[in-house]
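Dear colleague,

I am passing on the structure below, together with some notes on what turned up when I went through it. Please look at the model first and then read on.

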Amino acid sequence: MKFDYKLVYPNPELLVKRGFGLVSNIPCIFHSSPGYHRNGSMFLIDRALGVWSPGVSANQSYVSVPPTPISIKNYGDRLCNFLSWCDHRSLEPLSLEYSQDIVGRYQKEMAEGIWSLTKRGLSPSTINARVATACEYLNWASAKGLRSEFHVPSKVIKFKTPSAISSVGHLSKDVSIRKGKMREIKNLKKIPSESEVKVWLERMYGQKGLVRGLIAELILETAIRRSEAAGWRIDTIPLDRSDWDIRNPEAPISNQFLKVKIRYGCKGKNYGQDNGDKIGPEGVINIPLLLAEKIDAYRKKERAVALRVQVKKGRTASEQFAIRDASVHLFLDQETGLRINQQSIYDGWRSVEKPKGWSPHRARDFWACTTLWSHLKSYSSMIDKIIEGEQTEKNKLDIMIAAEYIVSTIIKPQLRHVSRETTIIYLQWVVDRMNINLNIAHEKMWDGLG
């Protein structure tokens, strides 16, 4: 199988010099003939600049929150796949319709492995993402007058979200989803064991050095995203120890946590840019006190050594001070003195021998599941009864209620974004670990936990 379209990044310096700085970091699409694909490239520009978003009609004047650069790359890669499929099937993309062509052919061929490099069916999440981008592109073309209206039939479903103001602890919310969307079931079987992760972390420290090991440990211990780790500032943990907000100072030091505010690289609304990072909504997380002390020691010693590599490039004292003051990120490469960005975090994470499917994002699930299990140990007598075979309905329901409470009060605040489906998956993980014969994903059980 050959993909005829490719995502290409221009030379940003050249575009800036010629007065096109606004689009200097936005990729474009080329055909292998070769040739510039105008419509696909313009779609990416409009999405990247926020001048068009899904759901915007041709008669609306609307500016949305621009997607992140990584999102734009993902849109571009998926659009290249769709355009290549159209070429291979001798189809004109702007003439396609939803039910017959997008679902009936494109989605079906991916599901059956016909349009797949491995000739095996693709995962529902991959298929849904590709179809969503294809639909966005055709909706954009309709809004631009390049084709007739593109209609995507949808249906409204209800699901429950936690609520502190509701008398029953949740609120019902209507969500519109496209008809024909494939059902996605997140699989936590790929989550490695605690011992496997411990060995992997030791490899990170041993093979990649202190700073890479610290980043990995920070993600493991706090469940932050790699974009948030890359945006960690030198003063995210206050420089003055007296300003540290320790949440449980009476607990043993190994169990104490420091409250930390983060906003750079955070998922959600975009409030602008700061030193190359998206300014997102502010979140409050807990970081183990012992890890905070390790990070504090790093920024006083190893970070200062790395920064000197950059500072020495200044020819005068004032230039050196400027370089020093401009370095706001905590994690610096020891050889170059430059910040470690999120792509570098990802590459380093996967460059050592690791468990199958292990990634920074999977570490969030690992943290959630191990945290849930750790807190459930306070119900050890009840768990022992269940594991030993006393699986009464009351015992099982009591454990599920306790688990749902832990997810709502401890895990969700730390992750700052947990869907209903993900919550059910974490609960199912507990069920599987205890070998309870109970389908937690069943709607009636969820109602019981609400």
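Arg 233 sits in the loop that runs between α8 (226–230) and β6 (245–246), where helices (H or I, at least four residues) and strands (E, at least two) are DSSP runs numbered from the N terminus. Because its relative accessibility is 5%, Arg 233 counts as buried, a word that here means under 20% relative accessible area, with exposed meaning over 50% and partly exposed in between (1.4 Å probe, protein chains only). Although Arg 233 and His 329 are 96 residues apart along the chain, their C-alpha atoms are separated by 4.4 Å. Beyond its neighbours within four places in sequence, Arg 233 is in contact with residues including Tyr 264, Asp 274, Asp 277 and His 329, contact being heavy atoms within 4.5 Å.

Before going further, please note that this is a predicted model, in which local features need pLDDT of at least 70 and side-chain atom pairs count only at pLDDT 80 or more, while totals for chains, interfaces and linings use all residues. Residues are numbered from 1 along each chain as its sequence is written, and side-chain values use heavy atoms, with hydrogens and water left out.

The mean pLDDT (the predictor's confidence in each residue, from 0 to 100) of the protein chain is 86, and 84% of its residues reach 70 or more. Over residues 162–169, however, pLDDT stays under 50, as it does over residues 438–450. Where pLDDT is low, the predicted coordinates should not be read in detail.

Turning to Phe 257, this residue belongs to strand β7 (residues 257–264) and, at 32% relative accessibility, counts as partly exposed. Phe 257 and Pro 288 lie 31 residues apart in sequence but 4.5 Å apart in space, C-alpha to C-alpha. Setting aside neighbours within four places in sequence, the contacts of Phe 257 include Asp 245, Arg 247, Asn 286 and Pro 288.

Phe 257 is also, with Glu 221, Trp 367, Thr 371 and His 375, among the residues nearest the centre of the second largest pocket, which is lined by 30 residues. By class, that lining has twelve nonpolar, eleven polar and seven charged residues (Ala, Val, Leu, Ile, Met, Phe, Trp, Tyr, Cys and Pro count as nonpolar, Asp, Glu, Lys and Arg as charged, and the others, Gly among them, as polar). A pocket here is an open set of points on a 1 Å grid over the protein atoms alone, where a 1.4 Å probe fits, with protein on both sides within 12 Å along at least five of seven lines, and lining residues have an atom within 4 Å of a point.
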